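Hello,

Here is the structure for you to look over. My notes follow below.

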Amino acid sequence: MQTVLFHSTIFGPIHSRRLGSSLGVNLMPDDGKICSFDCLYCEAGFNAQGPGNSGLPSRESVAADLEAKLKEMSAEGKPLDVITFSGNGEPTLHPDFEGIVEDTIALRDRYYPEAKVSVLSNATRLASQSVCRALTRVDNNILKLDSAIPETVRLLDRPNDPAFDIDDVIRRIATFGDRAIVQTMLTRGSHDGHSVDNTLPSEIDALIEAYRRIGPREIMLYTIDRPTPEGTMQRISPAELRAAAERITSATGIPVQVTA
């Protein structure tokens, strides 16, 4: 069974396909997974592996670990493009998320003032004013939208909340406008006898309408890069990604970054 990728709070720097030299911040356990989605393609595995035993890192320990790493990198003259909140689940679930973002920005300003702070989020916590305040402060507020069709979201992203409403999520993302970047994973496969494909023309049409409502500064289209817990999920070809991007840009006027 595929399990968590990150076994520490601070990891990397790694080369991100979308962001460059990225120092990761994992606010979830280092031996388990906690997420409000249970995506078929998640590189950290399914939620069924459990939350582990280490618990969530404290605000103080995140700041201490991050400062130690930034100080070390700076002394060695290593480059850094971005500090990225990612890891073994949804970072905005951490109860001290806003404070940790505040600490991270202060440390960035001290050691790597040219670096960006990015958050990769599934947008399920946008009803929280604290989370939204934090997301307005980061440089790259990257919010997931894999489909605008409810049935597809439930099949592909598998939200934990039975009352999850993708239209409400789109409305909340739209409050950020051009302070948001929308990230969409394109893939196809099957799970438990159900076909899953968010590359269909009807899916792209629905996404285009959602992108228009949101008006983000950029759209990130990408596909699978690592093994997935649902083994049927397929990597989309660069040509297909580019064709989808061209269609989206033509219909919305919004820049699309393609990561194949």
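Start with helix 2: its buried residues are covered by elements including helix 1 (59-75), strand 3 (82-86), strand 4 (116-121) and helix 3 (129-137). Buried means under 20% relative accessible area, exposed over 50%, partly exposed in between (1.4 Å probe, protein chains only). Helices (H or I, at least four residues) and strands (E, at least two) are DSSP runs, numbered from the N terminus.

This is a predicted model: local features need pLDDT of at least 70, side-chain atom pairs count only at pLDDT 80 or more, and totals for chains, interfaces and linings use all residues. Residues are numbered from 1 along each chain as its sequence is written, and side-chain values use heavy atoms, leaving out hydrogens and water.

Among the buried residues of helix 2 are Phe97, Ile100, Asp103, Leu107 and Tyr111. Helix 2 lies across strand 3 and strand 4, at about 165° to strand 3. Axes are lines fitted to C-alpha atoms, for helices over the stretch in contact (heavy atoms within 4.5 Å). Angles run from 0 to 180 degrees between N-to-C directions.

Strands 3 and 4 run parallel, joined by four bridges. Val82 has Lys116 of strand 4 as its bridge partner.

Now the cysteines. The structure has zero disulfides (a disulfide is a pair of cysteine sulfur atoms within 2.5 Å). For Cys39, the nearest cysteine sulfur is that of Cys42, 6.2 Å away. Cys39 counts as buried because its relative accessibility is 7%. The closest cysteine sulfur to that of Cys132 is in Cys35, at 17 Å, so it is too far for a bond. Cys132 counts as buried, at 18% relative accessibility.

Best wishes

Definitions and conventions
Two strands pair if DSSP finds at least two bridges between them.
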